[in-house]
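Let us walk through this structure step by step. Keep the 3D view open as you read.

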Amino acid sequence: MEVLVAYASKHGSTAEIAAAVAAEIREHGLGADCVAAGEVADVERYDAVVLGSAVYLKRWQGDARHFLRVHAKALAGRPFWVFSSGPTGDPAEDDVAWQEPKRTIARAEKLGARDHVVFGGRVSPEGGRMQRTMAEGMPEEYRDRRDWDQIRAWAAGVAAELRAGDG
Ligand SMILES: Cc1cc2nc3c(=O)[nH]c(=O)nc-3n(C[C@H](O)[C@H](O)[C@H](O)COP(=O)(O)O)c2cc1C
């Protein structure tokens, strides 16, 4: 069984999450390719798809939104999961409305997405001007909120569902 992990990332942190998801799926004995959403030519040859995007100003990246539209038929016909990344800063100040691009997630759910999870993200002072301003405005410990145990556990759940034949 071959799984496609497609992602859209501006500054690389979502790409690293996607790579960890693919690696965990492989650990569980399935094949997994990790590919930038804008570079995926053929979804039909995969048995299942995970699609993830960084969220900027409450929106998924254009490549991930485009992927949902262009591959809608293929996605509707196979097991499909989505993730977003991600909140940074003090978790006590998390605002769900800021993290979840509602219309896009509704579209994914309409295509049959089995789960949508929001992983913490990263803002780095080495990014662009906006990133730097955001990063410098928050305590260092909240600049990278990616929880690798949470990410691996979620990916293991995806693999387990596929292996159980729920796909
Ligand atoms: C200008 C800017 C806007 C952002 N807007 C959001 C947002 O609306 N919701 C959210 O959850 N995170 C937001 N973030 C945080 C990013 O999603 C986070 O940094 C993410 O990990 C970036 O992923 P990437 O490195 O793959 O581009 C924003 C970050 C920046 C710099």
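Predicted model: local features only at pLDDT ≥ 70, side-chain atom pairs only at ≥ 80, totals over all residues.

A polar contact is a pair of N or O atoms within 3.5 Å.

A backbone N or O atom of His11 lies 2.7 Å from one of the ligand's oxygen atoms. Ser13 uses its side chain instead: a polar atom there is 2.6 Å from a ligand oxygen. Taken alone, the ligand exposes 640 Å², and the protein buries 97% of that. There are 22 residues around the ligand, and Ser9, Thr14, Val55, Tyr56 and Arg122 come nearest.

Ser13 also belongs to helix H1, which spans residues 13–27. This helix has 15 residues and reaches 21 Å from its first C-alpha to its last. Its buried residues include Ser13, Thr14, Ile17, Val21 and Ile25. What do the buried residues of H1 pack against? They pack against strands S1, S2, S3, S5 and S6, and against helix H7. After H1 comes Gly29, with a positive phi near 85°.

Now look at the largest nonpolar core. It has 25 residues, and Val21, Ile25, Val50 and Trp154 are among those with the most contacts inside it. S1, H1, S2, S3, S5, S6 and H7 each supply at least two residues of this core. H1 gives the largest share, seven residues. A second, separate core has 22 residues, including Ala8, Ala37, Ala74 and Leu75.

Finally, pick out Val50. Beyond its close sequence neighbours, Val50 is in contact with residues including Val3, Val21, Ile25, Phe83 and Trp154.

Note on methods
Residues numbered from 1 in each chain as written. Heavy atoms only, no water. Core = buried A, V, L, I, M, F, W, Y, C linked by side-chain atoms within 4.5 Å. Buried < 20%, exposed > 50% of the residue type's maximum accessible area, 1.4 Å probe, protein only. Helix = DSSP H or I, 4+ residues; strand = E, 2+ residues; numbered from the N terminus. Contact = heavy atoms within 4.5 Å. Expected span 1.5 Å × (residues − 1). Near = heavy atom within 4 Å. Polar contact = N/O pair within 3.5 Å; in protein donor to acceptor, adjacent residues only side chain to side chain. Areas by Shrake-Rupley, 256 points an atom, 1.4 Å probe, with all protein chains shown as cover. Lists of a residue's contacts leave out its neighbours within four places in sequence.
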